Amino acid sequence: MFCASNKMALRTGACVLRLNSLRNAARLLSTHTRPEVAQNNNGKYADFPGAKAPYVTEMKFLNEASYDPIPIYRVMDNNGAVFDIREEPNIDNDTLLHMYKTMIQLSQMDKILYESQRQGRISFYMTNYGEEGIHVGTAAALDPRDLVFAQYREAGVFLYRGITVTELVNQCYGNHEDPGKGRQMPVHYGSKQHNLVTISSPLATQMPQAVGAAYALKRQPDNDRCALCFFGDGAASEGDAFSAFNFAATLDCPIILFCRNNGYAISTPTSEQYRGDGIASRGPALGIHTVRIDGTDPLAVYKAVKDSREFAIKNNKPVLIEAMSYRVGHHSTSDDSTAYRSIEEIQKWTKDESPIQKFKMYIENKGIWDAEQDKSWTKEARDIVVKTMQEAEKKKLPHWKEMLEDVYYEMPSRIQKQMKQMEEHLKKYPDKYPLDKYQTE
Ligand SMILES: Cc1ncc(C[n+]2csc(CCOP(=O)(O)OP(=O)(O)O)c2C)c(N)n1
Ligand SMILES: [Mg+2]
C-alpha cells in the first residue's frame with residue numbers, strides 16, 4: 001500500500017504508487033541502458049554522496065506533470081458496498097458499532113455545542129462534520145497506548161478512546177472540572193491517561209513534538225507503540241511540518257504523519273495553499289512511505305492506519321497518510337464559509353460523501369444495525385449532550401487564583417505580589433465581580 005522510492009515500490013507488492021513508480025523505473029532503466037548514454041558515461045551509475053542515479057545527457061526539468069496523480073485508496077462505495085473483499089478489514093461487530101456510535105455522538109455534540117456558542121454560552125467552537133470517519137477509523141486501528149497528537153478537529157478520537165462527553169463539555173465551558181482549568185480556548189482537549197496530547201493553537205507545533213515523542217518511543221527497549229500526528233492541509237505549509245517530515249525520515253521514527261486534507265484552511269482553498277500533487281507527493285520525496293486514502297471511507301482509514309502502525313513499529317520508520325476529505329462545516333464559530341464557497345459545493349459533500357451515511361449502510365448491510373436502533377441511539381446521543389451541557393453550565397468556574405498558579409514550580413515573588421494585590425482588590429470591590437460564579441477554595 002505504501003511507496004517510499006522506486007526501489008521500495010518494486011520491492012513491496014501492494015504499493016499504491018506501484019504503477020506510477022514502475023513506469024518511472026522503466027523510464028530510468030531505459031535511459032540508463034540507451035547505448036549513447038552508456039557510451040557517454042562508460043555505462044556507469046553516478047555515485048555522489050548525495051545521489052545515486054543514472055547520468056543523462058539531455059537537460060530536462062521535472063515538474064508535477066512528470067508523475068501521474070497519486071491514487072486514492074478506498075474500500076467501499078457510497079452505498080457501503082466493499083469493492084474487493086480481500087481488502088475488507090477484519091473488524092469485529094462490537095468495534096464496528098463503537099465506531100458508528102462514536103460518529104453519531106460526535107455529530108450530535110457538534111450540533112449542540114455549535115448552537116450553544118451561537119447562544120453565547122461558550123466563547124468558541126469547531127465542528128468536525130465530514131471528517132468523523134477519519135477519527136474513528138484511526139482510533140480503532142491504533143492501540144490505546146499509542147500517542148496521539150491532534151490538531152483540533154479530531155474530537156472523535158477523544159470520544160472513541162473513552163473520554164466522556166462530560167469531560168469534553170467541561171473543557172469547552174472552562175469550568176472547575178476542566179483539567180486545563182479554563183486556561184485554554186474551547187476544543188483544546190487533552191488526556192494524559194488516554195495518551196492524547198493536549199491540543200495547542202499554533203499550527204503545526206505538534207508535528208516536531210510528535211516526531212520527538214516517536215523517537216523517544218523507539219529508544220525504549222522492546223517498543224511496541226507508535227505516535228500518530230494529525231495535521232491539516234493548511235498546517236502542512238508551516239516550516240514545522242517540513243522539519244517534522246525530515247526528522248521523522250532521517251531519525252527513523254515510528255510515527256504516522258496523518259494529514260487531514262479537507263480542502264480548506266479557513267478561507268484558503270487547497271488550490272491556493274500548494275502547487276504539486278497535494279501533501280502525499282512530499283512523502284516519497286523525503287523517503288517516507290506514503291499512502292493517499294479516501295478520508296470519507298472509515299474502512300479505508302482503518303486499513304491504512306492499521307498497516308501503517310505495523311510497518312512503523314516493525315521497521316522504525318515513518319509513514320505519511322493523506323486522507324482526502326471535505327470540511328463540511330464552517331472553519332469555526334468565527335467563520336462564515338458561504339462568503340468563499342457555494343452552498344452547492346457544500347451540499348455535494350454532505351449528501352453522497354458522508355462518512356456516517358456510508359458506514360451506516362455498511363453495518364446495515366452486515367445486519368448488525370437498523371433504522372430503529374439508529375433513531376434511538378441518535379436521540380440518546382443528543383440527550384447525553386443536552387444534559388451534560390446543562391450540568392456544565394451550573395458548575396463553578398475555577399478559583400481566580402488558578403490564573404496565576406501552575407506556571408512556575410515555585411511561584412516567583414513578583415507573581416505572589418500580584419496575587420496579594422488582586423486579593424485586596426477583590427476584598428475592596430466584591431460587588432464589581434461575579435465572584436459567586438467562581439470556586440472559593
Ligand atoms: C502558526 C499559526 N498561524 C495561523 C493560525 C490561524 N489558523 C488557525 S486554524 C487555521 C487554518 C488551518 O487549516 P488546516 O491546517 O487545513 O486545518 P483545518 O482547519 O482545515 O482542519 C489558521 C490559519 C494559527 N493558529 N497558527
Ligand atoms: Mg484544512
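Visitor: What is the relative accessible area of K181?
Guide: K181 has a relative accessible area of 28% and is partly exposed, given that buried means under 20%, exposed over 50% and partly exposed in between, with a 1.4 Å probe and protein chains only. This is a predicted model, in which local features need pLDDT of at least 70 and side-chain atom pairs count only at pLDDT 80 or more, while totals for chains, interfaces and linings use all residues. Residues are numbered from 1 along each chain as its sequence is written, chains are lettered from A and ligands numbered from 1 in the order in which they are written, and side-chain values use heavy atoms, with hydrogens and water left out.

Visitor: OK, and where is K181 found, and what about its phi?
Guide: K181 is found in the loop between α7 (165-173) and β4 (196-197), where helices (H or I, at least four residues) and strands (E, at least two) are DSSP runs numbered from the N terminus. Although K181 is not a glycine, its phi is positive, at about 55°.

Visitor: What is the phi of D252, and where does D252 sit?
Guide: D252, which is not a glycine, has a positive phi of about 50°. D252 lies in the loop between α9 (239-250) and β6 (255-261), and at 26% relative accessibility D252 counts as partly exposed.

Visitor: Switching to the sheet, what is the strand order?
Guide: The six strands form an open sheet in the order β4-β3-β5-β6-β10-β9, with parallel pairing; two strands pair if DSSP finds at least two bridges between them. β4 and β9 stand at the edges, each with a single partner strand, so one side of each is left without a neighbour in the sheet.

Visitor: How many bridges join β5 and β6?
Guide: Strand β5 (residues 227-232) and β6 pair in the parallel sense over six bridges, with L228 opposite I256 in β6.

Visitor: What handedness does the unit of β9, α12 and β10 have?
Guide: β9, helix α12 (residues 298-315) and β10 make a right-handed β-α-β unit, meaning that, with the strands pointing away from the viewer, the path from the first strand over the helix to the second runs clockwise.

Visitor: Which residues have the most contacts inside the largest nonpolar core?
Guide: M109, F258 and F359 do, in a core of 71 residues; such a core is a set of buried Ala, Val, Leu, Ile, Met, Phe, Trp, Tyr and Cys residues joined through side-chain atoms within 4.5 Å. Helix α4 (residues 93-118) gives the largest share of this core, 10 residues. Leaving aside neighbours within four places in sequence, the contacts of F258 include I134, L228, I293 and I321, with contact meaning heavy atoms within 4.5 Å.

Visitor: And how many aromatic pairs are there?
Guide: The count comes to nine aromatic pairs, the rule being that rings of Phe, Tyr and Trp (its six-membered ring) pair if their centres lie within 6.5 Å, with planes under 30 degrees apart counted as stacked, over 60 as edge-to-face and the rest as tilted. Y264 and Y340 form a tilted pair, 5.7 Å centre to centre with 50° between the planes, and these two residues are 76 residues apart in the chain. Y264 is buried at 9% relative accessible area, whereas Y340 is partly exposed at 23%.
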